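Take a moment with the sequence and the fold.

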Amino acid sequence: MLEDAFARGRRVLLEGTQGTGLSLYHGYYPHVTSRDTSVAGCLAEAGIAPGRLRHVIMVCRTYPIRVKSPKGETSGPMSQEVSWKEIAHRAGLDPRTLTKAEKGSVSRKQRRVGEFDWFLLQRAALLNGPTDIALTFTDYLSAKNRKAYRFEQLTPETIRFIQEVERVAAARVTLISTAFNPRSIIDRRAW
């Protein structure tokens, strides 16, 4: 099916799972998943040659998450863990909304959250070679971002944050999520 799509000049979109920090080969063992979550791993599993790749969109959250740690153990390292209450306070959001939304999709356990991990961003960018970055949850930086429909309407602090992400990752932030809604995306792509 993939070869037929390529032969007809069609576009093929692959979506990876989980983050690079959970990669079997590049993550923090033993707190990893059972496969390689990098772009190279995704291509290899699909049987697509790297030369066919046109764009790599790396998705980053403004505040990274992990599933809640089991009692007496850890679900993995997290740089500078912070509370949902603190994030809500900073952003001007209702903390109950965040704690209700931020539960594991399978376990339904409350997620852990941490400050943005600049080292992880740089490492993920080096391993995946993104051409673009999709930055999600900018409303967690400021509730005012929920009203933004253009880049210039984001808060000045958010714009500076995005510029720093672009500098560290050496890739442009072209998709920006401003709320948990499919229509709340600022699209800066030129392609």
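In this predicted model, contacts between residues at least 6 apart in sequence are counted for the protein chain, and 64% of them join residues at least 24 apart.

How does the chain run? It holds six helices and seven strands. Along the sequence, the order is α-α-β-β-β-α-α-β-α-β-α-β-β.

Now the overall dimensions. The C-alpha atoms fill a box of roughly 50 × 45 × 30 Å along the principal axes. A compact globule of 191 residues would have a radius of gyration near 16 Å, so the 18 Å of the protein chain agrees.

Next, the surface. Of the 191 residues, 40% are buried. The protein chain exposes about 11,900 Å², and carbon and sulfur atoms supply 54% of that area. It carries 30 positive and 19 negative side chains. The centres of these two sets lie 5 Å apart.

Which strands pair with β5? The table names two partners, β1 and β6.

| Partner of β5 | Residues | Direction | Bridges |
|---|---|---|---|
| β1 | residues 57-61 | parallel | five bridges |
| β6 | residues 172-177 | parallel | four bridges |

Leucine 135 in β5 is the bridge partner of cysteine 60. Aspartate 132 stands opposite arginine 172 in β6.

Key: Residues numbered from 1 in each chain as written. Predicted model: local features only at pLDDT ≥ 70, side-chain atom pairs only at ≥ 80, totals over all residues. Heavy atoms only, no water. Helix = DSSP H or I, 4+ residues; strand = E, 2+ residues; numbered from the N terminus. Rg over C-alpha atoms; globule rule 2.2 N^0.38 Å. Buried < 20%, exposed > 50% of the residue type's maximum accessible area, 1.4 Å probe, protein only. Contact = heavy atoms within 4.5 Å. Areas by Shrake-Rupley, 256 points an atom, 1.4 Å probe, with all protein chains shown as cover. Lys, Arg positive; Asp, Glu negative; His and termini not counted. Charge placed at Lys NZ, Arg CZ, Asp CG, Glu CD. Pairing = 2+ DSSP bridges.
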